[in-house]
Amino acid sequence: MGFSKDNLKGFVLALLSSGFIGASFIIKKKGLRRAAATSGVRAGYGGYSYLLEPLWWLGFITMIVGEIANFVAYAFAPAVLVTPLGALSIIVSAVLAHFILKERLHRLGVLGCVMCIAGSIIIVIHAPKEHSITSVLEIWSMATQPAFLLYVGSVVVLVFILVFHFAPQCGHTNVLVFTGICSLMGSLSVMSVKALGTALKLTFEGKNQLIYPETWFFMLVVATCVITQMNYLNKAAFFY
């Protein structure tokens, strides 16, 4: 895949984003632990005392910085380039957790990190070129194709099943329930972030996209996905 100036900007921003987001997980988890020790109620069991913990807010702000960098990266580079680089945040989190949280990284964990890096490199190298988008309506047209709408409907149904059926029953004993909710919602937020980032980039270039209701719809989807992911990510943080 040829690297244009915009692609290079997106690449660098995506790397910075992974660093900030990966570090934010560690900072927030330390904040969650401290809040749980103070209140006696963990986030996984419905506690929200972490909202009064400064360390958690520091991690939250760090994550916001990373997400902003990630958001801008989507505006400059294609999603197929930016999204795989997000896996590097897992590497950052795993390494920092090993040294700061004393969560031992075993051989399988190391192998997983190596596979994440290898997978990201392969996808980035062989990623197809993206045609330039001149309006958010183009993304809306692609997002309303029957195949994608079927995927969205399937994801929403699965999320509802996980939230209302599996989370109350086994959410506190199986980390895959909470992480599954986060992952499924994340698959929707990628498209919406790309659409919103592109809309804002075009607006700043003089092609106002804020006049289209589709832009505001994508903004609503992004907000919904982020809030949901934040909530269940905090619940999943106490499993290890």
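Leu15 is found in helix 1, residues 5-39. Helices (H or I, at least four residues) and strands (E, at least two) are DSSP runs, numbered from the N terminus. The model is predicted, so local features need pLDDT of at least 70, side-chain atom pairs count only at pLDDT 80 or more, and totals for chains, interfaces and linings use all residues. Residues are numbered from 1 along each chain as its sequence is written, and side-chain values use heavy atoms, with hydrogens and water left out.

Leu15 counts as partly exposed, at 37% relative accessibility. Buried means under 20% relative accessible area, exposed means over 50%, and partly exposed lies in between (1.4 Å probe, protein chains only). Not counting residues up to four places away in sequence, Leu15 touches Leu85 and Leu88. Contact here means heavy atoms within 4.5 Å. Glu138 lies 123 residues from Leu15 in sequence. In space, the C-alpha atoms of Leu15 and Glu138 are 28 Å apart.

The overall fold was examined next. The protein chain holds nine helices and zero strands. Its pattern along the sequence reads α-α-α-α-α-α-α-α-α. The C-alpha trace spans about 50 × 35 × 30 Å along its principal axes. Of the contacts in the protein chain with a separation of 6 or more, 78% join residues 24 or more positions apart.

Of the 240 residues, 39% count as buried. The protein chain exposes about 13100 Å². Carbon and sulfur atoms supply 73% of that area. Accessible areas come from the Shrake-Rupley method with a 1.4 Å probe; for residues, only the protein chains shown count as cover. There are 16 positive and 8 negative side chains. The centres of the two sets lie 14 Å apart. Lys and Arg count as positive and Asp and Glu as negative, while His and the chain ends are not counted. The place of a charge is taken as NZ of Lys, CZ of Arg, CG of Asp or CD of Glu.

The interior was described through its nonpolar cores. A nonpolar core is a set of buried Ala, Val, Leu, Ile, Met, Phe, Trp, Tyr and Cys residues joined through side-chain atoms within 4.5 Å. The largest core has 16 residues. Val159, Val163, Phe178, Ile181, Met185, Cys225 and Tyr232 touch the most other members. Helix 7 (146-170), helix 8 (175-204) and helix 9 (213-236) each give two or more residues to this core. Helix 8 provides the largest share, seven residues. A second, separate core has 15 residues, including Ala77, Val82, Leu88 and Val193. In soluble globular proteins, nonpolar side chains tend to be buried together.

Met185 is in contact with Val159, Thr224, Cys225, Thr228 and Gln229, leaving aside its neighbours within four places in sequence. Val193 is placed in helix 8. Val193 counts as buried, at 12% relative accessibility. Not counting residues up to four places away in sequence, Val193 touches Phe71, Tyr74 and Val222. Ala75 is 118 residues from Val193 along the chain, yet their C-alpha atoms are separated by 8.6 Å.

Pro84 is found in helix 3, residues 79-85. Pro84 also counts as buried, at 12% relative accessibility. Leaving aside its neighbours within four places in sequence, Pro84 is in contact with Ala79, Ser120 and Ile123. Pro84 and Ile117 are 33 residues apart in sequence, and their C-alpha atoms are 9.1 Å apart in space.

Two exposed residues complete the account. Phe164, in helix 7, is exposed, with a relative accessible area of 61%. The C-alpha atoms of Phe164 and Ile181 are separated by 11 Å, with the two residues 17 apart along the chain. Lys102 lies in the loop between helix 4 (88-99) and helix 5 (107-125). Lys102 counts as exposed, at 66% relative accessibility. Its phi is near 60 degrees, a positive value in a residue other than glycine. Most residues other than glycine have a negative phi.
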